[in-house]
Each structure stands twice: as C-alpha cells, then as structure tokens.
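Please walk me through this structure.

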Amino acid sequence: MTQTTQASTTQALPLADGLQGIVADWSSDQVAFKKVPWGKAMMWIFLLSDTFIFGCFLISYMTVRMSTTDIWPNPSEVFALTLWGHKIPMILIAIMTFVLISSSGTMAMAVKFGYEKNKKMTFILLLITAALGATFVGMQAFEWSKLIFEEGVRPWGNPMGAAQFGSTFFMITGFHGTHVSIGVIFLIIVAVKVIRGDLDNERPGFLTGRKGNYEIVETMGLYWHFVDLVWVFIFAFFYLW
Amino acid sequence: MAHAQGQQHPIGIYLKIWGLLFVLSAASYAVDYFHVQGYLRWFLIVTFMLLKAGLIVAVFMHMVWERLALMYAIVVPPLLLMVLLAIGALEADYTFLTRGTFFGAGTEVSAEHR
C-alpha cells in the first residue's frame, strides 16, 4: 500500500463497504481545512450556501426591476422620515446600517475577549450585540408597519409604481430580518453558556454533547458578521440603487 | 486536535475597522443625500459596498489570517453568481423589450425603467 506515510491509526482499521462505508468515509478524520475547528469550517460552508440564497434573491430582484415597464418607486423618498419638521431621506435605513455595523464591532471584540477567557467582558459584549440586533429588528418592524399601513405597500402592488417593489422588498428584507432574529436568539444562548462557565468547564452541549469551548463564540461571530455582510449588499442594491 | 489559541488580534484593529465601516457607510449615505445620479452614483455605491464587504470578511471574519485552502473554498464559488447575473440581465432586457412592444401601445414607456 502507498499509505505507509499516513498516520498509523488509518492503517489499523480496514475500510468498510456499502452504506457503512459512506458513513465511515465522510465521518473519519480527513481534514482539509487545517488550523480551524470543525464547527468553524462547517459554519463557513453554511454561510457559503446562504450566500447563494441571498445572491439568488438579489439577482431575481434585479431581473424584475429591469424588466418592469412601470416606474420603480424612488427608495430615497419611500424611506424618508420627517424628523423635527424636516423630511430626511432614508434616515431610518442609515441608522439601521450604523446599528448593525456597531453590533458587528462588539461581536468581533466579544470573540477576542472569549479567546482570552475573559468571561465577564465576553458576556457583556455578546449581550450588547444581541441588544443592537434586537434594535435593528425593532426598527425594521417599524419600517414594515409604516410601509404597510401608511404607504399602502403590498406584495402585489403599491400606489407609487411597479408592483414588484413590494414583493421583492418584503421577501429580501423579511428573509434578512429572520436571519437577524435567529442570530439574536443564538447570541443569547451563547452569552448564557459563557457566563454560566460552560465553556471554561467544557460542559457538554444539550444538542451535540460536545465539550464546550470558546471556539463557539467565534463560530457564532461568523454568523453574525454574515448577517451584517448581507445587509451591506441589500443597502447598496435595494435602498441606494 | 490541539486546542489552539484561535484568532487573537489586538483590539485596536477591530476598532479601526469599525471606524472605517462607519466612514464608508456615511459616504454611501451621502451619495443618496446629495442626489448623485447616473454612472457616478452606481460606481460610488458599488465601490463603497465592496470595500465594506471586504473589510468585514477579511478582518471581522478573520479571513486574511486563514489558510488559503479555506479562503478559496469560500470566496471563489460565489463568483459563479456572476453567470446568473449576466443571464438575468440578458433575459430582463428581452422581457422589457417585448413588454414595450406588445403592451406599450398608447402609453409611453419610461426611459427611467431602471
């Protein structure tokens, strides 16, 4: 055999065939992504698939916007707010953008303090991140209700122009808002694990039974930064274009 | 697997990137606020967008410090979306054309359809 240079553990076991062989091959210690925990590599793969989902959404939005013969509602005006007697274009969306970017900043710092095993700072920063995320979702709920109840925007039509505006808006921002909401729940779960000392004591998780460690804070962080990343593209293509 | 110390970087770099992202977001908001139009608008929006996305992936998600195998596995496949983008744009132009030809009689088709 040519596998003599491999680690001795691979030689010790004969390779299984059939269905068992499939499971054995996919679950064995064949490491392609070195120097990253498996959970982090898997989170990256998940995010890659999510990239395609949001990519398809944004490309279908482009397609319907290019092909409609109606006038596309001007997002700058649709999303304007009147504050202190002045009509400011897109101000709510700008604030939402800054809130989400700030939450990414606190998340990055939570990961750093996590690896330093600074329980208290990690916990606080994770909670701030969750609070900023919840703020974002709250502002989005405000934006949706304003659009639905005051502007009369529906998925099948609106008074300002092309009907596709509503359908793409609700689908894209709705899907993104769902991601943020799930992220907030995810953040709170990780924050509780941190402050309870699960990660220091390597307490097994309730779902997988794997030992807790601070790598899950970074994996959580990847998901959260991705949510921010998607918003960067939505902000550019839907709101500013 | 050895329990490596993971991604440890000084806090300053996160604060700097955070500041940069704020500046870039403010800049893209300014594009809208000052009503920059036409190709300059699209160029600025896309530039600021790509810079922001790059900073988030590279620093916040630690991609610059990962091994090349992981970086290529994650960053290269989304480029396939460019093909879908091109197909979508071609098809949309054709749909727009036929809609203008068959349903546009009597009503003027706006040049501002985008």
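This is a predicted model: local features need pLDDT of at least 70, side-chain atom pairs count only at pLDDT 80 or more; totals for chains, interfaces and linings use all residues.

A crossing of two helices is called left-handed if the near helix is turned anticlockwise from the far one by less than a right angle, and right-handed if clockwise.

Start with chain A. It has eight helices and two strands. Along the sequence they follow the pattern α-α-α-α-β-β-α-α-α-α. The radius of gyration of chain A is 23 Å, well over the 18 Å that the globule rule gives for 241 residues, so the chain is more spread out than a compact globule. Its C-alpha atoms fill a box of roughly 75 × 45 × 25 Å along the principal axes. Of the 241 residues in chain A, 35% count as buried. Now take the contacts in chain A between residues at least 6 apart in sequence: 69% of them join residues at least 24 apart.

Two loops of chain A deserve a look. Most residues other than glycine have a negative phi. Lys117(A) is not a glycine, yet its phi is positive, at about 60°. Lys117(A) sits in the loop between α5 and α6 (119-150) of chain A. Is Lys117(A) buried or exposed? Lys117(A) has 11 C-beta neighbours inside 10 Å, so it counts as exposed. Glu202(A) also is not a glycine and has a positive phi, of about 55°. Its place is the loop between α7 (164-196) and α8 of chain A. Glu202(A) has 12 C-beta neighbours inside 10 Å and therefore counts as exposed.

Next, see how the chains meet. On chain A, 45 residues are in contact with 53 residues of chain B. Three helices of chain A, α3 (38-67), α5 (91-115) and α8 (215-240), each supply at least two residues of the side that touches chain B. Which helix gives the largest share of that side? It is α3(A), with 11 residues. By class, this side of chain A has 26 nonpolar, 12 polar and seven charged residues.

Follow α3(A) across to chain B. Two packed helices are described by the angle between their axes and the distance between the axes. The axes of α3(A) and helix α4 (residues 81-103) of chain B come within 7 Å and cross at roughly 20°. Angles under 35 degrees count as roughly parallel. So α3(A) and α4(B) are roughly parallel to each other. Their crossing is right-handed. On the α3(A) side, the residues that meet α4(B) include Gly55(A), Ile59(A) and Met62(A). Among those they meet in α4(B) are Leu81(B), Leu84(B) and Phe96(B). The residues of this contact divide into nine nonpolar, five polar and three charged.

Now stay inside chain B. Helix α1 (residues 11-33) of chain B and helix α2 (residues 38-60) of chain B have axes that come within 10 Å and cross at roughly 165°. Angles over 145 degrees count as roughly antiparallel. That is why α1(B) and α2(B) are roughly antiparallel to each other. Here α1(B) passes α2(B) in a left-handed crossing. Ile13(B), Leu20(B) and Val31(B) are among the residues of α1(B) in this contact. From α2(B), the contact includes Leu44(B), Phe48(B) and Val59(B). Its residues divide into 14 nonpolar, one polar and two charged.

Notes. Residues are numbered from 1 along each chain as its sequence is written. Chains are lettered from A and ligands numbered from 1 in the order in which they are written. Two residues are in contact if their C-beta atoms, placed from the backbone, lie within 7 Å. Helices (H or I, at least four residues) and strands (E, at least two) are DSSP runs, numbered from the N terminus. Ala, Val, Leu, Ile, Met, Phe, Trp, Tyr, Cys and Pro count as nonpolar, Asp, Glu, Lys and Arg as charged, and the others, Gly among them, as polar. The radius of gyration is taken over C-alpha atoms; the globule rule is 2.2 Å times the number of residues to the power 0.38. A residue is buried if 20 or more other C-beta atoms lie within 10 Å of its own, exposed if 12 or fewer, and partly exposed in between; C-beta atoms are placed from the backbone. Axes are lines fitted to C-alpha atoms, for helices over the stretch in contact, and angles run from 0 to 180 degrees between N-to-C directions. Angles under 35 degrees count as roughly parallel, over 145 as roughly antiparallel, 65 to 115 as roughly perpendicular and the rest as oblique.
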